[in-house]
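Please look over the sequence and the model shown here before reading on.

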2 protein chains.
Amino acid sequence: MRRFGLCNTFTVVDGKRDTLAELLLEASKEMKKLEECELYIINSDDNNPDVLYVYEVWSSEEAHQASLSMDVSQTLIKKARPILAGVEKTGPFTPLGGKGISASSLES
Amino acid sequence: MRRFGLCNTFTVVDGKRDTLAELLLEASKEMKKLEECELYIINSDDNNPDVLYVYEVWSSEEAHQASLSMDVSQTLIKKARPILAGVEKTGPFTPLGGKGISASSLES
């Protein structure tokens, strides 16, 4: 099955980026336990103090969808909502390979 | 030292995406040998057949800059240039942590 990648751009209100980063890092502890989540990487933007990017790779779109109803995701959404000005999704992508991700059928 | 992340969006000419993907996957074999390159992930866009995204994380901005003058990068640039319509950089980012990346000082 084809892997599923996406990148969410989170924009915060009132300088709350570090609060959101803590919430996302906390959520990532649960993602670490899920075999179907390969990558879940939280990045700050060096040029915009109100933005975080989360780059995610899942074993399938279905696995990603299923994760959204998990307790950890529901808690994250509930806690993050008051400090979010917006969320923009880039993707979906299909990760083809490279360094730091498991090999795909395209790699020799 | 703070890590350095960026994402390059490559747009190809003449349906040459798979050719570019092969060039990037080939280059990633060299990146796998570099300790200072933590992630180098090639992704296709599910909604645009002319686009590839490369998400990279380096130990520092200097390490990334140094990599650009390596033979592997020069060869990649030379072979890719004729099939590229454009390159757009997003970032730089600072990776804060999560799954699939080494821990940062922000993670407990």
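In which strand of chain A does Thr9(A) lie? Thr9(A) belongs to strand β1 (residues 4-12) of chain A, where helices (H or I, at least four residues) and strands (E, at least two) are DSSP runs numbered from the N terminus. This is a predicted model, in which local features need pLDDT of at least 70 and side-chain atom pairs count only at pLDDT 80 or more, while totals for chains, interfaces and linings use all residues. Residues are numbered from 1 along each chain as its sequence is written, chains are lettered from A in the order in which they are written, and side-chain values use heavy atoms, with hydrogens and water left out.

Thr9(A) counts as buried because its relative accessibility is 14%; buried means under 20% relative accessible area, exposed over 50% and partly exposed in between (1.4 Å probe, protein chains only). Not counting residues up to four places away in sequence, Thr9(A) touches Val51(A), Leu52(A), Tyr53(A), Gly86(A), Val87(A) and Glu88(A), contact being heavy atoms within 4.5 Å. Thr9(A) and Thr90(A) are 81 residues apart in sequence, yet their C-alpha atoms are 7.8 Å apart in space.

In chain B, the buried residues of α1(B) include Leu20(B), Leu24(B) and Met31(B). These buried residues pack against β4 (84-99) of chain A, and also against elements of chain B, among them β1 (4-12) and α3 (71-80).

Chain B can be laid on chain A with an RMSD of 0.0 Å by a turn of 180° and a shift of 0.0 Å along the axis, the copies being superposed by least squares on the C-alpha atoms of residues with pLDDT of at least 70 in both. That is the relation of a two-fold axis, and in chain B the C-alpha nearest the axis, that of Gly100(B), is 3.6 Å from it. Because 97% of the interface residues of chain B are also interface residues in chain A, the copies meet through the same surface.

The contact between the two chains is set out below.

| Item | Value |
|---|---|
| Residues from chain B | 38 residues |
| Residues from chain A | 37 residues |
| Buried area, chain B and chain A | about 2,900 Å² |
| Salt bridges, chain B and chain A | 2 salt bridges |

Buried area is the accessible area (1.4 Å probe) that two parts lose on being put together, summed over both, and carbon and sulfur atoms give 53% of it here. A salt bridge joins the side chains of Arg2(A) and Asp46(B) (3.7 Å, N to O), the rule asking for a side-chain nitrogen of Lys or Arg within 4 Å of a carboxyl oxygen of Asp or Glu.
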